[in-house]
Amino acid sequence: MSHAVSMGEAASSSMLGRPLAGGVVNTLRGVFPGTEVVTGGWLDDDGDRAGRKEMSRLHTALLWDGMTGYACLFTGVGGHYKGPRYAFASTSQRFFEWPAQRKELLTASAAAAPMSDVYLAPMLRASRGRKKGSGAPSRYLWADVDGQWTEERSEALVPLMAEGSFVVSSGSGRHVYVRLDEALPPAAVEQLNRRLAVLLDGDAKWDDTALLRLAGTWNHKSRALGGGSHLVGWCLP
Amino acid sequence: MPAVSGWSIEQLDALLPQVPATNGRPPVAPQEPTEPPENLPLSLVERANEECGANRSEQHFALVAACVDAGYDDEAVVAIVLNHKPTVDKYADPVAEAYRSLGKLRAARGPVVVKGPTRGDERFFVDWPEFWARDRRDADWAYEDVLARGRGHAIFAGHKVGKSLLVLFLVAQLVADGFVVLYLDYEMGEDDLHDRLDDMGYGPETDFSRLRYALLPSLPPLDEPEGAKALFAKLGAVAAEFPDRGVVVVIDTTGRAVVGEENSADTYRNFYRWTGIGLKQRDVTWVRLDHAGKDTAKGQRGSSGKGDDVDVVWRLVRVDGGLELRREASRMGWVPERVAFRQTDDPLRFVRVDEAWPAGTKETAEALAALGVSPEVGYRPAAKCLKAVGKGRRADLVAAAQKWRRETAKGLGEKE
């Protein structure tokens, strides 16, 4: 098992369905060897909507290519702080048949991203719903790690970064995806997610209904505090 | 091009830590629904659900925040959360989620983390052996029957009833008993304070070194983090000077110590969020004085949320010969329903008595004595006598007057 991060190679593998745009692959290859965080800097905020959409395509492809089910896209509009809690004026949840409606999913997320916080359920759904128990088998574990990315967290994670594993910078934390050699049923994934969360001192988003931010969209939390939005993208473990 | 292989479950089993049953948290029967506290705050649950619509995770977090704001400890919060259907439906491990939410909440309320007066940095976290060993069944008073040690209190009264006077008397007693008192007086001037202390018989010879009295203090509002930080800095200095003393903080009056609208529940939630919870974390006994609304019986002036953030709410009323604190709300079962004080004028004192005589008792007793009615006569014939001469009184007042006369005759008229 290789422990080297090889996102560029993974991204260009056949499982993605078609070759990535050259700029994205080059950027990934250029970034992963040494750049700390890709987000917020390598895409032009105004002009590269296609590039951001490509990031979303890569994210969903890594998670689900070769699998079937329903992808859950969750969007929140009007993000604001209600006390310490980030809340939305309204939310919506849509389901897309995967892979048949891949294009619609990516179009919807790209369209929503400038004004909405966009999340996906890392686990495909067996039906059009996100109730507990409705998840389909998954070939990834995930963990939501809030707060400072410490040396301890990094040291704990690096041994798990096998080929195909990746990390998304969510804006205020990191979402860690650990690749499995085969798809496991939701209960097994949940159990391993819990252990991964303990290892990384992660958040509680380990169950089959969890939502994580979609790469290529924006985290608008800091905008709600008067700052700018943060691009959700890749980063090193 | 290497294939993407990934980890097998066996490999991960060796790499990932086992999840402990309680994840390092105190054992609180994590998977079994526990009985909620007897006074399960259904209103909190309903409020959390209403505020957050159908979003179960937000309902859950709002409930945890509301419980903390209401003063429940972690164990009680977990018990409440385990009886909160949206939480149980949403999370496979609601106990873990409750603790996680508590952690998030505390992280978000970071500014209250200022070195406290009685708990050093090493006491920032709960000392579990001490925590479990502490006997919580017994009453624990700073001022017996009135101020519970380490708790928040609201005392409200109508205009000029005497709440500031009574509390000043109480804190002088507390100082004499060894407490350190930090009194934030937003209403009186120096001359007023001098007159009151002089009336109580205190003077230059009195040791008030532990009474830190701030007249018209220039603190930032206590419903904002800056105000809390400034107050905690003062407390820290006092604690450093008197490290082994219990601390009492008095805020007289709340309406002048906050910047938010007095009618807004947010003002008092913010007060608790920034100041109240920090005082509680520091084991400080705190009291805030409030004005009653136009109808005293309806409670404190302004927001109905005012009583949510304290452990005890007292309504102060004037009764014949003194003052009486009447319990409006309490989280503890050991707080008495009424505490009566007889007021003496020279020197000014509030002497604890078993019960207060209703207003008009003495006057009625004098009227009965003037009519030659024996103190041993029952209240019905006594009331008829009064009515016959055009001085009819309520039955309870006549009964109290007769009792007062009998006890006065025995020298017990004022039961100290």
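Helix axes here are lines fitted to C-alpha atoms over the stretch in contact, and angles run from 0 to 180 degrees between N-to-C directions. The model is predicted, so local features need pLDDT of at least 70 and side-chain atom pairs pLDDT 80 or more, while totals for chains, interfaces and linings use all residues. Residues are numbered from 1 along each chain as its sequence is written, chains are lettered from A in the order written, and side-chain values use heavy atoms, without hydrogens and water.

Select H3 (49–64) and H4 (102–112) of chain A; helices are DSSP runs of H or I with at least four residues, strands runs of E with at least two, numbered from the N terminus. H3(A) and H4(A) pack at an angle of about 130°, with axes 10 Å apart. Residues in the contact (heavy atoms within 4.5 Å) include Ser56(A) and Trp64(A) of H3(A), and Leu105(A) and Ala110(A) of H4(A).

Stay on H4(A). Strands E1 (69–77) and E4 (90–98) of chain A are among the elements covering the buried residues of H4(A).

Next, select Gly133(A), in the loop between strands E5 (116–120) and E6 (138–146) of chain A. Is Gly133(A) buried or exposed? Gly133(A) is exposed, with a relative accessible area of 64%. Asp207(A) is 74 residues from Gly133(A) in sequence, and 9.3 Å away in space, C-alpha to C-alpha.

Finally, select Val176(A). Beyond its neighbours within four places in sequence, Val176(A) is in contact with residues including Trp142(A), Phe166(A) and Leu200(A).

Methods
Buried means under 20% relative accessible area, exposed over 50%, partly exposed in between (1.4 Å probe, protein chains only).
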